[in-house]
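Reader: Could you go through this structure with me, slowly, so that I can learn how to read it?
Author: Gladly; here it is, and then please ask whatever comes to mind.

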Amino acid sequence: MKLSDRLTQLEAEKAAVAAAKKPAARGAKAAPAARRSVRTAKPTGTAWDGLKRQVKDLVVEDLGSRLASIEDLSDEVDKALDKAIAKSGARITTDERNRLVTEVSSDILGYGPLDPLLRDPSVDEIMCNNYNDIYVERQGRIEHTNATFADEAHFRQVIERIVSGVGRRVDEGSPMVDARLPDGSRVNAILPPLSVRGPVMTIRKFAERPFTIADLVSNKTLSMDAGVFLEACVRGRLNVLISGGTGSGKTTTLNVVGGFIPEGERVITIEDAAELQMPQPHVVTLESRPANAEGRGQVAIRDLVRNALRMRPDRIIVGEVRGAEALDMLQAMNTGHEGSLTTVHANSPRDVVSRLETMVLMAGFDLPVRAIREQIASAIDCIVQLTRLRDGTRRITHITEIQGMEGDVITLQDVFLFDFGMGVDEHGRFRGHLKATGVRPKFAEKLADQGIRLGPEVFQPEAFAKRAVGAW
């Protein structure tokens with residue numbers, strides 16, 4: 001059925017229903033008065049939603065597979081809306097008309113009510129607990145929004161659109177999925193029956209402009225001294241592991257620290273969902289792949305780490321180590337691939353060591369614990385610990401050197417520590433900052449051998465590096 005015919009049919013049905021509900025005529029002028037009241041009414045609330053749903057259904061039915069671009073859709077919505085207004089007798093302003101076109105276009109080709117939130121630079125994370133229950137995070141604080149999808153079917157339609165855009169699927173047979181938006185924002189979705197109340201989707205937005213070390217210093221994530229120190233570690237080809245809890249800023253910090261890698265080196269990044277935005281010109285991006293509907297075709301992080309060793313890498317960056325690939329990563333660091341970077345979930349530098357031991361054992365080899373610890377002590381030079389504090393800020397709380405083994409124990413030495421002793425201000429924000437402990441790391445000699453010398457002022461507890469932030 002054509003769009004114009006469908007509109008005419010709907011209006012005829014509406015007129016018949018309205019006529020059936022009218023009381024007996026009380027005079028010849030009663031009907032014209034009623035018609036005038038319909039013409040002057042403006043769609044609000046439920047009426048607005050009904051008009052929007054009507055136009056959307058008609059456009060989808062009429063265009064079908066020809067929905068190719070936002071320009072074509074806008075033209076068709078304009079035509080459909082003109083006809084709908086003329087037939088219904090409802091009057092809307094130019095602003096309301098433009099709003100209707102925008103909302104219908106967003107529902108069909110975009111992400112519906114999420115589009116304004118994705119465009120809002122103050123929103124860091126979007127949490128859709130159900131189609132009508134959406135929260136956002138702003139400056140570390142979670143807020144409820146008034147945004148809602150039309151219904152659960154509309155919500156699932158948006159999820160499927162996002163997931164299919166990166167060649168993945170989500171359904172009852174595979175109800176959990178990780179994906180990404182075109183701008184690199186990370187998306188996780190989970191469907192019933194695993195999610196009891198309905199579909200749930202979480203979007204962690206990426207900044208339009210990647211963060212730099214200067215941004216981390218201005219946000220007080222770390223001090224200038226610590227920034228100089230981390231730059232020296234990366235340029236000196238030390239193996240750095242970034243640790244922290246969920247949402248603590250590990251990937252952002254990894255992206256910033258990875259920016260210190262010289263441009264002349266070949267960098268290979270390995271991730272579940274490609275998020276890193278490395279500034280170097282010679283970067284190869286690898287992404288894992290889940291199994292298909294038949295349970296075949298899976299390519300795990302571990303497979304990509306092994307393959308990366310055959311790709312002549314200068315640096316290997318693994319977005320996150322969470323399983324058996326930890327063994328392959330440690331072996332790569334110990335066999336000529338110095339300067340590699342990765343992240344891991346852990347609450348402290350000491351927990352990092354325990355987590356790595358557990359993940360190596362997940363590889364299925366019956367290795368002695370001492371052998372595993374020797375691998376860790378030999379491979380990892382520096383641990384950067386991030387914490388999301390109670391005030392919502394994300395701070396580096398430890399920069400720790402792995403010094404080696406004493407007996408069966410891996411020895412750690414803090415080079416920088418966050419000063420919690422400074423307390424909080426009247427707004428509940430922490431006054432402390434990351435300070436040097438006064439200990440010069442053992443690998444400073446290794447850096448000096450490569451021509452990278454750190455002055456004593458970097459390691460003085462109350463001193464600050466004599467380097468402008470703009471130098472980064």
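Reader: Where is Pro193 found?
Author: Pro193 is found in the loop between strand 5 (186-190) and strand 6 (200-204), where helices (H or I, at least four residues) and strands (E, at least two) are DSSP runs numbered from the N terminus. The model is a predicted one, in which local features need pLDDT of at least 70 and side-chain atom pairs count only at pLDDT 80 or more, while totals for chains, interfaces and linings use all residues. Residues are numbered from 1 along each chain as its sequence is written, and side-chain values use heavy atoms, with hydrogens and water left out.

Reader: And what kind of peptide bond joins Pro192 and Pro193?
Author: The bond between Pro192 and Pro193 is cis, with omega at about 10 degrees. As background, most peptide bonds are trans, and most residues other than glycine have a negative phi.

Reader: Which residues other than glycine have a positive phi, then?
Author: Gln139 is one of them, with phi near 50 degrees, and Arg237 is another, with phi at about 60 degrees. Gln139 sits in the loop between strand 2 (133-138) and strand 3 (141-144), whereas Arg237 is placed in the loop between helix 9 and strand 7.

Reader: Is Gln139 buried or exposed?
Author: Gln139 counts as exposed because its relative accessibility is 71%; buried means under 20% relative accessible area, exposed means over 50%, and partly exposed lies in between (1.4 Å probe, protein chains only). Arg237, with a relative accessible area of 21%, is therefore partly exposed.

Reader: Okay, zooming out, how many helices and strands are there in the chain?
Author: The protein chain has 15 helices and 15 strands, and buried residues make up 45% of its 472 residues.

Reader: What does the largest nonpolar core look like in terms of residues?
Author: The largest nonpolar core has 42 residues, and those with the most contacts inside it are Leu222, Phe229, Ile399 and Phe416. Such a core is a set of buried Ala, Val, Leu, Ile, Met, Phe, Trp, Tyr and Cys residues joined through side-chain atoms within 4.5 Å.

Reader: Which elements give two or more residues to this core?
Author: They are helix 8 (213-218), helix 9 (224-235), strand 7 (240-244), helix 10 (250-258), strand 12 (382-388), strand 13 (394-406), strand 14 (409-418) and strand 15 (434-436). Helix 9 gives the most, with seven residues.

Reader: What is Phe229 in contact with?
Author: Leaving aside neighbours within four places in sequence, Phe229 is in contact with Cys382, Ile399, Val415, Phe416, Pro441, Phe443, Leu454, Val458 and Phe459, where contact means heavy atoms within 4.5 Å. There is also a second, separate core of 35 residues, which includes Ile270, Ala308, Ala363 and Ala377.

Reader: New topic: how do helix 13 and helix 14 cross?
Author: The axes of helix 13 (residues 349-361) and helix 14 (residues 369-379) come within 10 Å and cross at roughly 120 degrees, which means that helix 13 is oblique to helix 14. Axes are lines fitted to C-alpha atoms, for helices over the stretch in contact, and angles run from 0 to 180 degrees between N-to-C directions. Angles under 35 degrees count as roughly parallel, over 145 as roughly antiparallel, 65 to 115 as roughly perpendicular and the rest as oblique.

Reader: Which residues meet there?
Author: Val353, Leu356, Glu357, Val360 and Leu361 in helix 13 meet Val369, Ile372, Arg373 and Ile376 in helix 14. These contact residues divide into seven nonpolar, no polar and two charged; here Ala, Val, Leu, Ile, Met, Phe, Trp, Tyr, Cys and Pro count as nonpolar, Asp, Glu, Lys and Arg as charged, and the others, Gly among them, as polar.

Reader: And what about helix 12 and helix 14?
Author: The axes of helix 12 (residues 325-333) and helix 14 come within 9 Å and cross at roughly 50 degrees, so helix 12 is oblique to helix 14. The contact is made by Leu330, Gln331 and Met333 of helix 12 and by Gln375, Ile376 and Ala379 of helix 14.
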